[in-house]
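Here is a structure to work through by question and answer. Keep the sequence and the coordinates open as you read.

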Amino acid sequence: MKDRTKYFAYPYMVWIIIFIALPTFLVLLYSITTKESNGLTTIQFTSENFRKFFQPIYLDILWDSIYLAAVSTAICLLLGYPAAYIISNTHISRRNTLLFLCILPMWMNMLLRTYAWMTILGNNGILNNFFAFLGLPRFNMLYTRGATVMGMVYNFIPFMILPIYTALSKMDKGLLEAADDLGADKKTVFRKVILPLSMPGVISGVIMVFMPAVSTFIIPQLLGGNKSMMIGNLVEKLFILNGDWNFGSAISIVMMLIILLSMSIMNKFDVDKEGGARLW
Amino acid sequence: MVKKYLSKIYMGIIFIFLYAPIIVLAVFSFNESKSRGNWTGFSLKWYIELFHDHDIRLAFYYTISIAIITAIVSTIMGTIAAIGINAMKGRQKALILNVNYLPVVNPDIVTGISLMILYISFNMDFGFNTMLISHIVFSIPYVILSILPKLKQLDVHMTEAAMDLGATPMYALRKVILPEIKPGIITGFLMAFTLSIDDFIISYFTKGEGVTNLSIVIYSMARRGVRPTINALSTIMLTVVLLLMILINKRNNGQDKSKKINQSEVYK
C-alpha cells in the first residue's frame with residue numbers, strides 16, 4: 001500500500017520542476033551570462049555580474065541591509081520576548097484572546113498598515129500635530145532610517161512573539177518548581193531553566209524576522225524615503241526600471257545564499273528539528 | 001502584585017503599537033475631507049463612494065477571486081502531494097522536501113523575479129493567469145508543511161486494519177486518512193487564502209495589463225496619497241475577519257468546553 005501511495009506525489013514533482021526548480025535555474029543562468037546572450041547559439045558566460053556586485057557602492061547597500069535587518073531583529077527580540085513570556089503566564093482563559101490580538105493586525109493589508117505609519121509619522125502627521133499641541137517642536141521622523149527600522153519591527157514582531165510563546169508554553173512547569181525547591185532564586189530559574197528551554201522558539205523567531213526584513217523593499221521605500229536603499233530596492237530597480245536582468249539575477253543569487261547561510265547557521269543551534277514550521 | 005500591573009502596562013503598550021495604525025485608518029475612513037492628518041468631521045461618504053470606485057472594485061474582485069481559487073487548488077494539490085511525500089523514503093523524499101521548501105525560505109522578491117523570468121522565457125501573456133499560477137506556486141508548500149506533521153502522527157496500522165476489513169485503498173483514504181488529517185488541511189487552506197490575499201511582492205512582478213490586486217493599487221497610490229475609499233474597504237474587511245473569528249471561537253469554545261476544563265485542571 002505504502003509503496004503505491006508515493007505515486008500521489010508524482011504530479012507535484014512535475015509541478016515543482018517546472019515552477020520552482022526551473023525558475024531558480026533560469027535566475028542562475030541569467031546571473032552568469034551576458035546581456036548579449038539571446039538563445040542558446042549566442043550564449044556567453046561571464047563572471048562580470050558578480051564582480052560588479054563587489055564594488056563598494058553595492059557592497060555598502062548589502063551591509064546596510066544586513067545591519068538594518070539585524071537591528072530590527074534585535075529590537076523585535078527585546079520587545080517580543082517579554083510579551084511572549086507574559087502571555088504564556090496568563091491564565092489559560094485569556095491566553096487565546098491575547099494571542100489572537102497579536103495575529104489580528106496581520107489580516108489587514110501590510111502595505112496599508114505601513115502607509116498608515118506615514119500618516120502618523122509625517123511632518124504634518126498625527127504625532128507632530130500632537131507635539132505641536134503640547135508646545136513641542138516638530139520632529140522629522142518620516143523618511144529616516146529610524147522609520148524604516150520601526151516599520152520592520154512593527155510588521156514582523158508577531159513572527160517573534162508566536163514561536164517564543166509556543167516554546168514557553170510547551171515547557172514543563174514542574175521543572176520550574178523543581179528548580180525553585182532546590183533553592184534557585186527567580187533570576188537563576190530564568191537564566192538556567194526558562195531561557196535555555198525557550199531557545200528553539202527564539203531561534204525560529206530570529207529566522208522568521210530576519211529573513212523578510214533583509215529582503216524587504218516596500219518598507220524602506222515607503223518609510224525610509226531615498227535615504228535607505230536596501231538590497232531589495234536595488235533588485236526591484238534593476239528589474240523594473242533598468243531592465244538589467246543579469247545583474248539583478250546575480251544579486252538575487254547572493255540574497256538566496258545569505259538566507260540559506262543564515263538558516264544553516266541558525267539550524268546548528270536549533271535543538272528542535274521542525275524549525276519555523278512550528279509557528280503554524 | 002506590582003509585577004502584575006507592570007505586565008498589564010507592558011502588554012498595553014505593545015498592543016497600542018500594534019493597533020495604532022489600524023485605528024488611524026479606521027478613524028480616518030469616517031473623515032469628511034480627503035486629508036489624512038486633520039479631522040474635519042464625521043461622514044460616511046467614503047463608504048458610499050466605495051461602490052462607485054471602479055479601480056478599487058476591480059482590484060477587490062481580482063484579489064478575492066484569486067485568493068479563493070488559490071486556496072482551493074493548492075489545498076487539493078497539496079493534500080495529494082503530502083500523502084505521496086509521506087509514503088516516500090530516503091533521498092527522494094529529502095530532495096522533494098528541500099525543493100518544496102525553497103519558496104518558503106526564499107525572499108519573496110527572488111520568487112517573484114524567478115517566476116517573471118520563467119513566464120517571459122515561455123512567452124506567456126502576463127495577466128490573471130500568471131498571477132494565479134504564482135499564487136498557487138507559493139501556497140502549496142505551506143499547505144504541504146501543515147499537513148505532513150498530521151500524516152506523521154497517523155497510525156499506519158489504522159489504514160492496514162481498514163483494508164484488512166475489506167476497504168478499498170480509496171475508501172480507506174476517504175474514511176481513515178482524510179478525517180485524521182483534516183485539521184492540517186483546514187490550516188493549509190486558511191494559510192493559502194490569507195497568503196494570497198495579502199501578497200504584494202510576487203503579484204507585483206507577475207501582474208499584467210489591467211489586472212491588479214488591492215496591494216498593487218495601494219502601492220501605486222502610496223506616494224500621491226491613498227484614497228480614503230481604500231481605508232473604508234479595509235475597515236470593512238477587517239471587521240468581517242474579526243466577526244468571523246469571534247464566531248468560530250464561540251463555536252469551538254462550545255465544543256471544547258469539557259476538554260478545556262480538564263486541561264486547566266492539569267495546569268493547576
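Q: How many residues does the largest nonpolar core have?
A: This is a predicted model. In the largest nonpolar core, the residues with the most contacts include A:Phe156, A:Val209 and B:Ile218. A:Ile161 and B:Ile113 are also among them. The core has 132 residues.

Q: Why does the core lie between two domains of chain B?
A: Domain 1 covers 1-53 + 227-243, and domain 2 covers 64-224. The core lies between them because residues come from both domain 1 and domain 2.

Q: Is A:Ile161 buried or exposed?
A: The cut-off for a buried residue is 20 or more other C-beta atoms within 10 Å. A:Ile161 has 27 such neighbours, so it counts as buried.

Q: What separates the C-alpha atoms of A:Ile161 and A:Leu77?
A: Leaving aside neighbours within four places in sequence, A:Ile161 is in contact with A:Gly80, A:Ala83, A:Ala84 and A:Cys102. A:Leu77 is 84 residues from A:Ile161 along the chain. Their C-alpha atoms are separated by 8.1 Å.

Q: Which helix gives the largest share of the side of chain A that touches chain B?
A: The contact takes 64 residues from chain A and 65 residues from chain B. On the chain A side, 48 are nonpolar, 12 polar and four charged. The largest share is 13 residues, and it comes from helix H2 (residues 10-31) of chain A.

Methods
Residues numbered from 1 in each chain as written. Chains lettered and ligands numbered in written order. Predicted model: local features only at pLDDT ≥ 70, side-chain atom pairs only at ≥ 80, totals over all residues. Contact = placed C-beta atoms within 7 Å. Helix = DSSP H or I, 4+ residues; strand = E, 2+ residues; numbered from the N terminus. Nonpolar A, V, L, I, M, F, W, Y, C, P; charged D, E, K, R; others polar. Buried ≥ 20, exposed ≤ 12 C-beta atoms within 10 Å, placed from the backbone. Core = buried A, V, L, I, M, F, W, Y, C linked by C-beta atoms within 7 Å. Domains from an automatic or database assignment.
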